[in-house]
Amino acid sequence: ANWVTIWSITNPFGSNPAITKETTLNVGSYAPAADAVQKNSSVRISIQNTRISDCTYRDGFLYGCFNVKHSTLDGSAIKYFKINLSDFSLVYNDIIEQANMWYYYPEIYPDAYGNILIMFNKSNADNYVGVAWTYRIANQSTIGNISWRSEERRVGKECRSRWSPYH
């Protein structure tokens, strides 16, 4: 695929609700990724397909993100975009990826200043599943460093995650 479709709903709570296809935008070619790998396991993590996993409206803009196949190597990536709803133009349309890394189940959070925070899961053959995040400052063309919490640790005979208290 290479597109996202924008729909609008009018009178959603009235007696005559209507759904209208507004436009279809080309966001570049993408494909579904293989299920994610994780450390010390042959069981792969289902990362679904290329459905938009999060879409947020703020101040006349639509923000969205979803996971896709890595563009050149093994792994999965996150495609994210910002659309100006006054003219349906793409403000940005980018990808977050790293060789042999799986990024999946993204969420996007814009603030009142046009900055965004993207949170997602991350794993590979050398790392357990963790929660990762990055940001993009308004009017900048790249994301910030990717930070994350992961790595299981042993406590007695139990295995606990460092970030599990945040669930």
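Start at Ile 118. Leaving aside neighbours within four places in sequence, Ile 118 is in contact with Tyr 80, Ile 96, Pro 106, Glu 107, Ile 108, Ala 132, Trp 133 and Thr 134. Contact here means heavy atoms within 4.5 Å. The model is a predicted one: local features need pLDDT of at least 70, side-chain atom pairs count only at pLDDT 80 or more, and totals for chains, interfaces and linings use all residues. Residues are numbered from 1 along each chain as its sequence is written, and side-chain values use heavy atoms, with hydrogens and water left out.

Ile 118 also belongs to a nonpolar core. The largest such core has 13 residues, and Tyr 80, Ile 108, Ile 116 and Ile 118 touch the most other members. At least two residues of this core come from each of β6, β7 (75-84), β8, β9 (101-110) and β10 (116-124). Another core, of 11 residues, lies apart from it; among its members are Ile 6, Leu 25, Leu 62 and Val 68. A nonpolar core is a set of buried Ala, Val, Leu, Ile, Met, Phe, Trp, Tyr and Cys residues joined through side-chain atoms within 4.5 Å. Buried means under 20% relative accessible area, exposed means over 50%, and partly exposed is in between (1.4 Å probe, protein chains only). In soluble globular proteins, nonpolar side chains tend to be buried together.

Now step back to the whole chain. The protein has 14 strands and zero helices. Both are DSSP runs, numbered from the N terminus: helices are H or I with at least four residues, strands are E with at least two. Of the 167 residues in the protein, 36% are buried. Among contacts with a separation of 6 or more, 41% join residues 24 or more positions apart.

Asn 67 sits in strand β6 (residues 61-69). Is Asn 67 buried or exposed? Asn 67 counts as buried, at 3% relative accessibility. Its side chain reaches two backbone oxygens: that of Ile 47 at 3.2 Å and that of Asn 49 at 3.4 Å. Beyond four places in sequence, Asn 67 touches residues including Thr 50, Ala 77, Ile 78 and Tyr 104.

Charged side chains come next. The structure holds two salt bridges. A salt bridge is a side-chain nitrogen of Lys or Arg within 4 Å of a carboxyl oxygen of Asp or Glu. One joins Asp 94 and Arg 136, at 2.4 Å from N to O. Asp 94 lies in strand β8 (residues 89-96) and Arg 136 in strand β11 (residues 127-136), so this pair ties together parts that are 42 residues apart in sequence. Asp 94 is partly exposed, at 24%, while Arg 136 is buried, at 7%. The other bridge links Asp 59 with Arg 58, and their closest N and O atoms are 3.6 Å apart. Asp 59 is exposed, with a relative accessible area of 54%. Arg 58 is partly exposed, at 31%.

Finally, consider the cysteines. How many disulfides does the structure hold? The structure holds zero disulfides. A disulfide is a pair of cysteine sulfur atoms within 2.5 Å. For Cys 55, the nearest cysteine sulfur is that of Cys 65, 8.5 Å away. Cys 55 is partly exposed, with a relative accessible area of 41%. Cys 65 is in no disulfide, and at 0% relative accessibility Cys 65 counts as buried.

Methods: A polar contact is a pair of N or O atoms within 3.5 Å; within protein, one must be able to donate a hydrogen and the other to accept it, and residues adjacent in sequence count only if both atoms are side-chain atoms.
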